[in-house]
Amino acid sequence: MSLTNQERLSNHADSELEEAIDRTIDYAYQRMKGIHWQGVINGSVPEAKSAEDFTQEALEAVINGAKWDDSKPLWLVLRGIVSGKVNHLAESLENRSRQDSVEHREFLESAQGNADSFRYFPFNAGIDDELSEAFLLELTDALDDDPEAQSVVAAIWEGASKRSSIAEA
């Protein structure tokens with residue numbers, strides 16, 4: 001007969017539980033380190049979660065019946081749950097959307113005042129004229145079978161930036 005997770009936990013001495021929790025907290029700190037939180041390495045974690053919070057959630061998951069392989073010690077089970085929770089939060093929309101907005105703002109700030117260098121983006125931004133011309137020739141050769149695509153590339157190359165101007169080409 002298989003034991004429930006609550007029965008397994010009650011079979012552990014208090015010192016064993018404390019050690020498993022301490023090891024899991026340490027692991028959670030290490031796991032959270034170096035992640036882009038809201039656009040900054042080691043930045044503010046969404047929902048202000050701490051290593052202790054992740055550990056508590058993992059312990060609650062075990063109490064509520066999370067999968068626990070009999071051959072694994074408690075600290076290893078908790079570690080796996082914490083790893084998944086940290087990954088999930090790091091990839092969450094809340095974390096990514098704030099990260100994207102920070103990266104977007106930084107891009108705009110770096111581009112401010114340099115609009116002319118982005119005029120022909122992406123084809124020749126920051127590329128010398130000779131290399132740009134060679135790229136354009138190769139691109140138009142590659143589009144040899146598609147004159148419409150060639151005219152779109154040429155319009156963009158000439159500086160057209162509005163869809164209506166490109167469509168007229």
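**First stop: a helix pair**

Select α3 (residues 51-63) and α4 (residues 74-90), which pack at an angle of about 120° with their axes 9 Å apart; helices here are DSSP runs of H or I with at least four residues, numbered from the N terminus, and axes are lines fitted to C-alpha atoms over the stretch in contact, with angles running from 0 to 180 degrees between N-to-C directions. This makes α3 oblique to α4, given that angles under 35 degrees count as roughly parallel, over 145 as roughly antiparallel, 65 to 115 as roughly perpendicular and the rest as oblique.

The model is predicted: local features need pLDDT of at least 70 and side-chain atom pairs count only at pLDDT 80 or more, while totals for chains, interfaces and linings use all residues. Residues are numbered from 1 along each chain as its sequence is written, and side-chain values use heavy atoms, with hydrogens and water left out.

**Second stop: a loop residue**

Now select Leu 143, in the loop between α6 (129-142) and α7 (147-157). Leu 143 is partly exposed, with a relative accessible area of 22%, where buried means under 20%, exposed over 50% and partly exposed in between (1.4 Å probe, protein chains only). The C-alpha atoms of Leu 143 and Val 153 are separated by 9.4 Å.

Key:
Helix = DSSP H or I, 4+ residues; strand = E, 2+ residues; numbered from the N terminus.
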